[in-house]
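Reader: Can you walk me through this one? I'll ask as we go.

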Amino acid sequence: MPVEVEVDVSAGLPGFSIVGLPDAAVQEARERVKVAISNSGFKFPTKKVIVNLAPAHLRKEGPAFDLPIALAVLAVSGVVPAQRLDGTGVVGELSLDGGLRGVRGALCMAEGARREGLRSLVLPESNAAEAASIGGVKVFGMRSLREAVDFFGGVREVEPAVAEEDGRLEETEDSDDFADVAGQRFAKRALEVAAAGGHNLLMSGPPGSGKTMLARRLPGILPQLTLEESIEGTKVHSAAGQGSGALMRARPFRAPHHTISTSGLAGGGSNPRPGEVSLAHHGVLFMDEFPEFSRGTLEVLRQPLEDGHVTISRVAATLSYPARVTLVCSMNPCPCGYAGDRRRTCRCSAGQIERYQGRISGPLLDRLDLFVDVPRLSREELRGGEAAEPSKDIRARVAKARDVQHRRQGVSNSALAGRRLREVCALRGDSEALFGAAIDRMGLSGRAHDRVLRVARTVADLAGETGISVEHLAEALNYRRSSFVGR
Amino acid sequence: MAGRDQASYLFLSLLQARAGTSFVSRLGDVPLTAVPEMSSAELGQRVRMSDRAARAFEDLRRDFDPETMLGELERLGISMLTPADAGYPPRLMNVPDPPPALFVDGTLPEALLETPAVAVVGSRKASPSGLDAARRLGRALGERGVCVISGLALGIDAAAHEGVLEAGGATVGVLGCGIDVVYPRSNHRLFERVRESGALVSEYHLGEAPLAWRFPARNRIIAGLCGSVVVVEAAEKSGALITARHALDAGGDVWAVPGPLGLAECRGSNKLLADGAGCIWDVAEFVEAIAPVPAGGIVPLEKPLDVSLPAGLAPGEAAALAGVGFEPTEVDAVAGRSGLKMQELLSALGLLELKGYIHRDGSGAFVRRPAG
């Protein structure tokens, strides 16, 4: 929503007031603007100055109005030719010496400027590259009020800023690398499959088995963010007032605590802000101690997991925020955490375990494709086998598998259902026979059946094969729910 | 007169379910039939009672309605055995605090009274190999016509009952809750089948909750119904060890199945072996010792565990199967032993599971199934 800055200078007692629902930071602009103008070598009019921020019913927040107010005041004084300001958006925070500081949410503002059909956007230099990545609007970066005045006065030529990169963003180095995780190769493989097919995953295991450590490394094996994804993610973050406003480079990893409220998770507030599930857009939402989340809170996850966005209705507005996430949940097998552990004895009664595992609602369980048991391993069990692979190599395989899926069906394998699923995951000959045997022997339900097919498709994609073979199906069977969960 | 005796025993039973298991034995020379008529002050002079017990006694005296209660039992087809009845299992008098009333849903097998029954007990969180052992023992005993007694809990108890039922034998489940209460719920099918084959037994009247202290208490009844106790996997502080101790006190034998080193769930049972319990190293030999058959009729019941790999497996599957032990083995440990890549290993495990060579336990570990 664009904000117009109107300034009136009239005879009367010298004064400076700002109207139009300004918050505290905007009110303080009076002092910053006054001082910055005089420290830049201009004169602040010794008259009654009224600044109106229109439309008046919207609340204005933050220090980004400093520069437009200062320029408007100087336009009234005749320092800046007013017509040069037409069709140009201006954003920036002033420092007392007249310098410009970066602002939050430059990306959103640039997008707004393009939507409103503005020709150009003037903002602090530190935000220029980020804003330029939107395209369609000429972006000019300024270091100080003086430079901006010279620019509008035509005294100074400024080259429009260019976007940092185009297409894919450069690779980021993640500090959490799979190469640092000893053992747990089963869980790692499951995470690779989850990443490749966009499948949601549940890890079950005693405390200290490394579930959180493993989950943290999932964003690092997801493909690099594309520019478009990064812009979407950054917009959500700036809408929540989080992040530096700089373009997001790494996929987000959000791990809300289990005491989180419904609006904390889905988004809310009278002016709805995005919640954790949206902040994890294009990244990973990690829910540790999954059964401890309140049932009502978990229910709001159903829409985002299904549709990839979340809709929040409040009195002020109904907003929809994107929320395409890979959900990773972790849980202990029982309240004390040690059921099934071979070195510590579980102290829970059968009833307690049943109640604990029954807390996760069926509809939500249906949206999880992969179930992995993460045992605590002794040092002896950690030895041997393949050497740990760096995240970079896994990421390359994952990216390839994702490309295959998008070329074939336009969505990730996790979104396959119904007729589409049967088309894409058609089985032939021995695979069909094996699957039939599996359904009988393991008592797979209809939903479990679809789940195994989807996962097998991803395993085949990771192997770079067009058909689902016996080996792929057999591997997929390992990711089904073990009897501890959701009996 | 018999009716009045029954009512008195029922009263004592209900009282004990509230005031603690040792209440009746503390009554000393107070005539049992007189207790329901006494006031709590009178009774308090003869026996030391806690406030809680006194309150329970008062409440009970006020609400006690033997006719309705006995009628309800009759309607449900549940019989009540008291020490005055001929059918009361004689060995039960040897355990501490014999229950004043034993509720029986089903029929106590006659075998129970003639050949001494065998109790198979152990951990609720047993390993798959422990469950397998319990099931095999149950089956072998069932085939030999020996009644098997256990506690209808999860784990070893359930596996033992199931083994007997597979062999078509008779089995008795002793509950730590009211005779009509199913706990844990997930065992409700097993409850039904045990009732059909033999009986459910409890010292607790209808509707009593499965309180934690009632389970150790019911173990003395298991001990009192059997001649020998077999402990399969018990941790150091396990109810199964209480059963074993009661059985020893009552003059029974104690046997244990040796478990692997390092498993917390086997420390108690292994220690029993060290303390001199009979060692079950072979199911057939054990059954022979417990219930010898007349000459000529001995059939070997069990084949020894076959560790060789079956023929016709793909190389990857063979390597994976060799890596899966007869003890539960986590996938990562199998990977370490077999040297296979994780993808290959997972495929191989999936195929082996389908072919029935291995199975996955509740915590996601794999166990090799004994051949045959």
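**Chain by chain**

Author: Start with chain A: of its contacts with a separation of 6 or more, 73% join residues 24 or more positions apart. Contact here means C-beta atoms, placed from the backbone, within 7 Å.

Reader: What should I know about the model and the numbering?

Author: This is a predicted model: local features need pLDDT of at least 70, side-chain atom pairs count only at pLDDT 80 or more, and totals for chains, interfaces and linings use all residues. Residues are numbered from 1 along each chain as its sequence is written, while chains are lettered from A and ligands numbered from 1 in the order in which they are written.

Reader: How many helices and strands in chain A?

Author: Chain A has 21 helices and 17 strands. These are DSSP runs numbered from the N terminus: helices are H or I, at least four residues, and strands are E, at least two.

Reader: What share of chain A is buried?

Author: Of its 487 residues, 47% are buried. Buried means 20 or more other C-beta atoms within 10 Å of the residue's own; exposed means 12 or fewer, and partly exposed is in between, with C-beta atoms placed from the backbone.

Reader: Switching to A:Pro335. Where does it sit?

Author: A:Pro335 is in the loop between β16 (326-331) and α14 (350-357) of chain A.

Reader: Why does A:Pro335 count as partly exposed?

Author: Because it has 18 C-beta neighbours inside 10 Å.

Reader: What is A:Pro335 in contact with?

Author: Beyond its neighbours within four places in sequence, A:Pro335 contacts A:Cys348, A:Gln352 and A:Tyr356. A:Gln357 is 22 residues away in sequence and 9.0 Å away in space, C-alpha to C-alpha.

Reader: Now helix packing. How do α20(A) and α21(A) pack?

Author: Helix α20 (residues 446-462) of chain A packs on α21(A) at about 125 degrees, with the axes 8 Å apart. So α20(A) is oblique to α21(A). Axes are lines fitted to C-alpha atoms, for helices over the stretch in contact, and angles run from 0 to 180 degrees between N-to-C directions. Under 35 degrees is roughly parallel, over 145 roughly antiparallel, 65 to 115 roughly perpendicular, and the rest oblique.

Reader: Which residues make the contact?

Author: From α20(A), A:Val452, A:Val455, A:Ala456, A:Val459 and A:Ala460; from α21(A), A:His472, A:Leu473, A:Glu475, A:Ala476 and A:Leu477. By class, eight are nonpolar, one polar and one charged. Ala, Val, Leu, Ile, Met, Phe, Trp, Tyr, Cys and Pro count as nonpolar, Asp, Glu, Lys and Arg as charged, and the others, Gly among them, as polar.

Reader: And the contact between the chains, how many residues from each?

Author: Chain A gives 37 residues and chain B gives 32 residues. On the chain A side, α7 (185-197), α14, α19 (429-442) and α21 (470-477) give two or more residues. That side has 13 nonpolar, 10 polar and 14 charged residues.

Reader: Over to chain B. Is α8(B) mostly covered or mostly open?

Author: Mostly covered: nine of the 11 residues in helix α8 (residues 156-166) of chain B are buried. Among them are B:Ile156, B:His161 and B:Leu165. Just after α8(B), B:Gly168 has a positive phi of about 75 degrees.

Reader: Last one. What is in the largest nonpolar core?

Author: The largest nonpolar core has 95 residues, and B:Ala119, B:Val120 and B:Val231 have the most contacts inside it. Helix α1 (residues 2-19) of chain B gives the most, with eight residues. A core is a set of buried Ala, Val, Leu, Ile, Met, Phe, Trp, Tyr and Cys residues joined through C-beta atoms within 7 Å.

Note on methods
Two residues are in contact if their C-beta atoms, placed from the backbone, lie within 7 Å.
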